Amino acid sequence: MAYDQNILRSRFCHALSEMYRSEVPLYGDLVDVVWDADAKAVQNSQIIEGDRVINPDDVLPTRHRVERHGAIRLGTAHELNTIRRIFDVMGMHPVGYYDLSLAGFPMHATAFRPSTQEALDKNPFRVFATVLRMELLTERTRKLAQKALEQRNMFPPRLLTLLDIAESRGILTPDQCTELISNALEIFRWHSKATVTLEEYEQLKAEHPLIADVVSFPGSHINHLTPRTIDIDLVQQLMLDHGMPVKERIEGPPRRSCPILLRQTSFKALEETVYFKDPSGLYVKGSHTARFGEVEQRGFALTREGRELYDRILDRVNTEAAMNGLEGMAYDNLLKERFKEFPDTLSELHDLRLGYFTYRVTPLGKQLVHEGALLSKEQLPGISLQGLLKKQILSYEAITYEDFLPLSAGGIFNSNLAGVSQSKQLVMNAGPDLDGFQRLLGACVADEFHLYAEMQQKSLEICRQKLQLKEIIV
C-alpha cells in the first residue's frame, strides 16, 4: 500500500526527539523551558479575563509544538547521497547551499526539508546536513580521515533494502514504515566507543574539532535538536534562571516588531565520556564534546532584495564591531541600532517587496463574488494587487522562513568549540563549491527563494480563480 510521507516524517521526528531526550536529558529540560516561555508569552500578549489561563495550543499553529530541526555531520559522498535517499522517502528535499568555510569550518551543507506549504503545515521537520570538504584538510589529516571513513558503514543493510523498495515501487507497508524508522534511528544514535585511537582523535581535533566529530565514530550522531519558540529572549532568560550553560548571546537579527529570518541560541555542548582503542586493542577512557541543545525563533522569509539589505547591514555591523572590539551586549546594542535601517512593519515589508507573502480572499471579497459585484473574467480587465488590497478584497500574511543562516550556524558551532587551529584562515579563504557539493549529493539543491516565490504565486492564482478574474496585476 502507498504510504503518507507526511505521517512517516512526523513519526520519525517524534522517534528521534524521544531518543535524543533519553540520551541528553538536558534536551528534555530545554523543551520544558520552551513550553513554559511560550505559555508566558501567550499570556502576556492576550487580554486576560479574570484568572482565565490560555492554553498556547489554542492560539499557536498546530505545527508549533512538534516542530524540530536537527543537525548531522557527514564525511563522504556515499553518506551524503544515502542520507538524501532516506529523507526523500520522508518528503524532505535538499534546499539551499551553505558555505561554512565563511565561518572557518572545512564543510559545506544543505537543509533537508519539506518544500511545499501543505507539507510544511503537516510537519516542518528539517535536518541541517554538513559534509567534510576533504580538499580543505591538510594532507596528513585528510589521509587519516579518509582511512577512518572508508572503514565505516553506518547504514543497516535492511534500511538500504527498504529504500530500494520505496524508490522502485513507490510503496511501503505499515510494517515496512516502522522498520524504516527504527533502522534510520540507528544512524543518529550516540556511540561512546570511537573507531579511531586516542592519538588519531587528538590529531583530527588539533586541525578542527568538527573534523574529529565527523570522523571518529561509527555513525552520524545527531548533535542537536531544536524546538521552536515564539519568544527566544524569554527562553534565553529562563535558561539562565534554570542554571543551564547557555551561550552568551542570541544569533541572528535583533528583536523586532516584525521578526525576520531566524534567531537561535543554545546550551553549550556537554563533555561526554568516550572510549578509544589503544595499540593493543583495549579501550582507554577519554572525552568528547559535540552534543548540545538549541532553540530557534523563526521570522518572515525575505526576498532577494530583503536578504541583500539584511546582509549589507550585518556586514557593516561586523566590520564596525571588529574595528572597535565590540562583543556581547556592546555588539547587540550596535546590531539593534544599525538594524533600525531595516523596515519593521508588515506593510513596509510588503510594499517594498522585501518579504514573501501569501494572499487570501477576505469575507468582503467572498461576498462580492457571491453577489456578482465583480464582473466575470471575460468582461473584466486585470486588476492590480494593490487595488484589491486597498479595497480589502484580499489580505496578506507573511511567509515563515524555513531555512538557515550560515553565519548563525557558525556562531552556534563556535560557541561549542574550545578553539581551532591556524588552518582556520586558509579555510575561510576557500570560497563556496556548489558544483562539488551537488556531485557528492547526487542531486541538485533547490533554491529557497524560488520556493517562497512559488508559494506566493500559488496563493495569488487561487485568489484569482476564487474572484473569477482574468488577471491580478502585481
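Colleague: How many residues does helix 8 have, and what does it reach from its first C-alpha to its last?

Modeller: Bearing in mind that this is a predicted model, helix 8 covers residues 174-187, which makes 14 residues, and its span from first to last C-alpha is 21 Å, close to the 20 Å expected at 1.5 Å a residue.

Colleague: Which residues of helix 8 are buried, and what covers them?

Modeller: The buried residues of helix 8 are Gln176, Cys177, Leu180, Ile181, Asn183, Ala184, Leu185 and Ile187. Their cover includes helix 1 (5-23), helix 4 (77-89) and helix 7 (157-169).

Colleague: Turning to charged pairs, how should I read a salt bridge, and how many does a search of the whole structure find?

Modeller: The general idea is that side chains of opposite charge can pair when their charged atoms come close. Here the search of the whole structure finds 36 salt bridges. One of them joins Asp233 to Arg255, with the closest N and O atoms 2.6 Å apart. Asp233 lies in helix 11 (residues 232-241), whereas Arg255 lies in the loop between helix 11 and strand 7 (262-267), so this pair ties together parts that are 22 residues apart in sequence. Asp233 itself is partly exposed, because its relative accessible area is 26%, which falls between the cut-offs of 20% for buried and 50% for exposed.

Colleague: Which salt bridges have buried partners?

Modeller: Among them is the pair of Lys247 and Glu251, whose closest N and O atoms are 2.9 Å apart, and both of these residues are buried. Another is formed by the side chains of Glu272 and Arg291, at 2.6 Å from N to O. This second pair links distant parts of the chain, since Glu272 sits in strand 8 (residues 271-277) and Arg291 in the loop between strand 9 (283-289) and strand 10 (293-298), 19 residues apart. Glu272 and Arg291 are likewise buried.

Definitions and conventions:
Residues numbered from 1 in each chain as written. Predicted model: local features only at pLDDT ≥ 70, side-chain atom pairs only at ≥ 80, totals over all residues. Heavy atoms only, no water. Helix = DSSP H or I, 4+ residues; strand = E, 2+ residues; numbered from the N terminus. Expected span 1.5 Å × (residues − 1). Buried < 20%, exposed > 50% of the residue type's maximum accessible area, 1.4 Å probe, protein only. Contact = heavy atoms within 4.5 Å. Salt bridge = Lys/Arg side-chain N within 4 Å of Asp/Glu carboxyl O.
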